Amino acid sequence: MTNLRPKSLDIFTRSRRYIPGGVNSPVRAFAAVGGTPVIISDAKGPYLYDVDGNQYIDLINAWGPMILGHAHPQVVEAIHQQIEKGTVYGTPTELELDMAQLICDNVPNINKLRMVSSGTEACMSAVRLARGYTGRSRVIKFEGCYHGHHDSFLVKAGSGVLTAGLPSSDGVPEAMTQLVHLAKYNNIESVRLLFEKYPNEIAAVIIEPVAGNMGCIPPMPGFLKALRKLCTDNNTVLIFDEVMSGFRLAFGGAQEYLQIDADLICLGKIIGGGLPVGAFGGKTEIMNLLAPIGPVYQAGTLSGNAISMAAGFATLSILHKHQDIYSSIANTGHQLNTEIRKIFSEKGIPGYITQVGSMLSIFFTDKEVIDLDTALTSDTRLFARFFHHMLDHGVYLPPSQFESWFLSAQIGEKEINHILEATSSF
């Protein structure tokens, strides 16, 4: 394995001439870890291949969607078949019905579903719908949770915003964030205080039930149950942002995995089988407020496009038929978690590892990581060294301390051993 990637360097250098920062999503620029981004040419199964001919075990899997691994034959075939029929029509299709029925029949509390083109759209639309349903304006979100790049959400957000060290974003008017209030993840008292401060004014609480955008941080016992009760008692809509956790932790998502009911659920990533997609759904009385049958407007030219529906339906059908995949990938995560802990302990490396199913993160800190404040105690310089060490040894990690790893069903014993051997040599 060579440390030199001349073709990647050349392509990235030229890209910066035409694309801001040389990338189309900020975290890809390696700003948090330094160095030159790896330019990927193709992918298959558990592996990525760069333009210089190097192979990497993929532990981001397109930030979550590729739970079946790359270029799964059935998904590829579904895409090919649909392309021959056309890509997008701008009309209703039976594929949309098939997707909606499969999701509604299997995800708790989704009675009706609206397809969109991204997770940002899904979360933005769900909040608008909650405001329309309740007639209220204020929304509670949690520090470090990321719900897309809509203006209202860029307040102490996670993901690329956190990676870049930005508490918000230029270009967002202060007025856009005045109705969004911050609570602390895993701290129910911080939520209760906001309900007391703004009685009968909170339209929605939006949360990643398992945080993935400040690294993988699981909910503490009782936290989500108490949050559910607060929302119920205050007639507030509880929105689960399951763009990451939907169809990843279980076929019914985090609601099934954690046994907590939400009122609206935002989906993305896996439901597109690797193509652009998003969706939001929930209880009938809320969803029926959407246009064209209700007063809350939402629309999209590419919503429910045929290729995304074909790829997504193929992916979900495989997962539905083979739900043992979930326990298998969770076991892979547990094995990595356990063995990496041992390696770090033997080497005296401070590390706190979190894992929920097939989501996993390493924080280079000796503190328990339960929220944004504790996540920020991680040694990001040490993470950057670890990232490049693993990259040079053929393992592609998220190029940010504050992003979850996502495992695929294609990672087997061979790949696990490779990951552990690379970790042992750090």
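How far apart are the axes of helix α2 and helix α11, and at what angle do the two helices pack?

## Two helices to start with

Helix α2 (residues 73-83) and helix α11 (residues 306-321) have axes 8 Å apart and pack at an angle of about 150 degrees. Axes here are lines fitted to C-alpha atoms, for helices over the stretch in contact, and angles run from 0 to 180 degrees between N-to-C directions. Helices are DSSP runs of H or I with at least four residues, strands are runs of E with at least two, and both are numbered from the N terminus. The pair is therefore roughly antiparallel; angles over 145 degrees get that label, those under 35 count as roughly parallel, 65 to 115 as roughly perpendicular, and the rest as oblique.

Where α2 passes α11, the crossing is right-handed, the word for a near helix turned clockwise from the far one by less than a right angle, with anticlockwise giving left-handed. On the α2 side, the meeting residues are Gln74, Val75, Ala78, Ile79, Gln82 and Ile83, and α11 brings Ala306, Ile307, Ala310, Ala311, Ala314, Thr315 and Ile318. Contact means heavy atoms within 4.5 Å. This contact of α2 with α11 has 10 nonpolar residues, 3 polar and no charged. In that count, Ala, Val, Leu, Ile, Met, Phe, Trp, Tyr, Cys and Pro are nonpolar, Asp, Glu, Lys and Arg are charged, and the others, Gly among them, are polar.

## What you're looking at

This is a predicted model, where local features need pLDDT of at least 70 and side-chain atom pairs count only at pLDDT 80 or more, while totals for chains, interfaces and linings use all residues. Residues are numbered from 1 along each chain as its sequence is written, and side-chain values use heavy atoms, with hydrogens and water left out.

Helix α7 (residues 188-197) and helix α8 (residues 223-233) pack at about 10 degrees, their axes 10 Å apart, and that makes them roughly parallel. Ile188, Val191, Arg192 and Phe195 of α7 make the contact with Phe223, Ala226, Leu227 and Leu230 of α8. Sorted by class, the contact of α7 with α8 holds 7 nonpolar residues, no polar and 1 charged.

Now for helix α14 (residues 380-392) and helix α15 (residues 413-424): their axes come within 9 Å and cross at roughly 130 degrees. So α14 is oblique to α15. Their crossing is right-handed. Phe386, His389 and Met390 in α14 meet Ile419, Ala422 and Thr423 in α15; these residues split into 4 nonpolar, 2 polar and no charged.

## The nonpolar cores

The largest nonpolar core has 98 residues, and Ile103, Phe142, Phe247 and Ile271 are those with the most contacts inside it. Such a core is a set of buried Ala, Val, Leu, Ile, Met, Phe, Trp, Tyr and Cys residues joined through side-chain atoms within 4.5 Å. A second, separate core of 21 residues includes Ala126, Val127, Ala204 and Cys266.

## Buried and exposed spots

Glycine 333 sits in helix α12 (residues 324-347) and is buried, with a relative accessible area of 0%. Buried means under 20% relative accessible area, exposed over 50%, and partly exposed in between (1.4 Å probe, protein chains only). Glycine 333 touches Gln355, Gly357, Leu360 and Leu407, not counting residues up to four places away in sequence. Methionine 359 is 26 residues from glycine 333 in sequence and 7.2 Å away in space, C-alpha to C-alpha.

Glutamate 413, in helix α15, counts as partly exposed at 47% relative accessibility. Glutamate 413 and glutamine 335 are 78 residues apart in sequence and 10.0 Å apart in space, C-alpha to C-alpha.

Most residues other than glycine have a negative phi, and most peptide bonds are trans. Asparagine 61 has a positive phi, near 45 degrees, in the loop between β3 (55-58) and α2. Asparagine 200 also has a positive phi, near 60 degrees, in the loop between α7 and β7 (202-207). Are these two buried or exposed? Asparagine 61 is buried at 0% relative accessible area, whereas asparagine 200 is exposed at 63%.

A cis peptide bond joins alanine 291 and proline 292, with omega about 15 degrees. Proline 292 lies in the loop between α10 (284-287) and α11.
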